[in-house]
Amino acid sequence: MFKPIVLMFIFTKLFFSANSKTHPADIKALNALKNGVDPRSITPGSCLSSWDFTIDPCDNIFTDHFTCGLRCDRVVSGLVRVTEITIDPVGYSGSLTSVPWNHLRYLNTLDISDNAFSGLVPNEFSNLTRLRRLGLSGNSFAGEIPSVLGSLHQLEELYLDNNRLHGAIPSSFNNLTKLKRLEIQRNYISGEFPDLGSLKNLYFIDVSDNNISGGVPSTLPLSLVELSMRNNKLNGNIPHDIDKVRFLQVLDFSHNMFSGTVPSVLFRHPSLEQLTLSYNEFSSLQVPAVDITLNSNLIALDLSYNKLRGLLPTFMASMPKLTALSLEHNEFTGMIPAQYAVKAAVAGNDNTSSFERLLLGGNYLFGPIPGPLLGLKPGSADVSLADNCLYRCPDAFFFCRGRDQKSAVDCKSFGPAIP
């Protein structure tokens, strides 16, 4: 009675195998990937809920059976290989260690970001030799970053941020000569930052919110456009030859332990637009030549919460594009330069921008408030002068609010201005 059913089942299996478009090794790997996910985290309507391996995956992309998550391309022997796995961020949990990654040899994109995968980052990723994009952001991966990732010579984008990774950044990353973007922020990475100076295509690095120590490497990729190393344990000095990184537009070294002098090269950098050095231990500024500052492209400059002393640097008011300046909570003394007041009060033009934000609170500034600042109306510019030693800066003035001026004892005990 069951023989016709058995024969039909065998015939169906043979027919399916003969007409399958997806390489069997890819199907096996995809099946293992889904089986490694906790079924309770596969919600109705999600990509993985539609993966039905009773039919051919690549032959049914964007149907009810494989709604999303895959891309396939015909590459060899009439078979189609899986070239992209990008699953939806719906909170899938599970592990990647049971997946035979060596089967997915034509994969160029793997992105499982913003889910709840855990465990180690598989060493078997080294078999994905055609991989150009690896996205593991926003999961719970732990352990060290596998050094074998440095063997992925086609890799252009690497996203390991927002996980629980620890240990050092592998020096093997210096072999990723095609890498363009590297994101490892918000982990527990320690050790010194490796020398990646030979990576001529790398334009974006973010390793913020880790425990990286030591100094900035003496050689940085000359192709860098944005470098963020915020909230680590970096110390020492900023390299004086950072102007060699000529395309750099954004530099964030805030919340570290840098000390010494802020080099003038940062104020005359040919392309730098945003510089953030707040919450460090800098004690002085190197003043650039006045004529050079006129060519500065800086738009936003934050030097707050350091130990900078002396008079407020007047050259900053000569930077034509600077609209946001924060020098809060340092040890500056002396009077507020008239140039600052004029740049805050006078409307900008095609050649010069005015201050939209001028934060000078928490210093030891004294003397009268410049007239142009007294004429400002609320909403015209964000100005803060609170917690200084200024003459006649009552809370009635909107730019004095937040904290009263320092007491006469505090102001006197700090001593005279240091030029």
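The second largest pocket in this predicted model has a volume of about 150 Å³. The protein holds six helices and 27 strands, and 50% of its 419 residues are buried. Of the contacts between residues at least 6 apart in sequence, 51% join residues at least 24 apart.

**The second largest pocket**

- Four strands each supply at least two residues of the lining: E18 (274–276), E20 (300–302), E22 (324–326) and E24 (357–359).
- The lining residues include Gln 274, Leu 275 and Thr 276, along with Ala 300, Leu 301 and Asp 302.
- Ala 324, Leu 325, Ser 326, Arg 357 and Leu 359 also line this pocket.
- Sorted by class, the lining has six nonpolar, three polar and two charged residues.

**The largest nonpolar core**

- In soluble globular proteins, nonpolar side chains tend to be buried together.
- The largest nonpolar core here has 106 residues, and Ile 85, Met 316 and Tyr 340 have the most contacts inside it.
- Two or more residues of this core come from each of helix H2 (24–35), strand E1 (70–76), strand E2 (79–86), strand E17 (257–262), strand E19 (281–285) and helix H4 (338–345).
- H2 gives the largest share of the core, four residues.

- In an unreviewed entry, UniProt lists residues 24–58 as "domain: Leucine-rich repeat-containing N-terminal plant-type".
- Over residues 24–58 the chain is 34% helix and 0% strand.
- The end C-alpha atoms of residues 24–58 are 11 Å apart.

- Where is Ile 212 found? Ile 212 is in strand E13, which covers residues 211–214.
- Ile 212 counts as buried because its relative accessible area is 1%, and the cut-off for buried is under 20%.
- Ile 212 and Leu 234 are 22 residues apart in sequence, while their C-alpha atoms are 6.4 Å apart in space.
- Leaving aside neighbours within four places in sequence, the contacts of Ile 212 include Ile 169, Ile 189, Phe 193, Val 207 and Leu 234. Lys 233, Asn 232 and Glu 192 are also among them.
- Ile 242 is found in the loop between strand E15 (233–236) and strand E16 (250–252).
- Ile 242 is buried, with a relative accessible area of 2%.
- Ile 242 and Leu 220 are 22 residues apart in sequence and 8.1 Å apart in space, taken from C-alpha to C-alpha.
- Not counting residues up to four places away in sequence, Ile 242 touches Leu 220, Leu 248, Leu 251, Val 265, Leu 266 and His 269.

**Positive phi in loops**

- Most residues other than glycine have a negative phi.
- Asp 114 is not a glycine, yet its phi is positive, about 60°.
- Asp 114 lies in the loop between strand E4 (109–111) and strand E5 (116–120).
- Is Asp 114 buried or partly exposed? Asp 114 is partly exposed, because its relative accessible area is 48%.
- Tyr 305 also has a positive phi, near 55°, in a residue other than glycine.
- The loop that holds Tyr 305 runs between E20 and strand E21 (309–311).
- Tyr 305 is partly exposed, with a relative accessible area of 32%.

Methods: Residues numbered from 1 in each chain as written. Predicted model: local features only at pLDDT ≥ 70, side-chain atom pairs only at ≥ 80, totals over all residues. Heavy atoms only, no water. Core = buried A, V, L, I, M, F, W, Y, C linked by side-chain atoms within 4.5 Å. Buried < 20%, exposed > 50% of the residue type's maximum accessible area, 1.4 Å probe, protein only. UniProt positions renumbered as here; feature names shortened; annotations may be inferred. 1 Å grid on protein atoms, 1.4 Å probe; cavity = no way out; pocket = protein on both sides within 12 Å on 5 of 7 lines; lining within 4 Å. Points joined across faces, edges and corners; volume = space filled by probe spheres on them. Nonpolar A, V, L, I, M, F, W, Y, C, P; charged D, E, K, R; others polar. Contact = heavy atoms within 4.5 Å.
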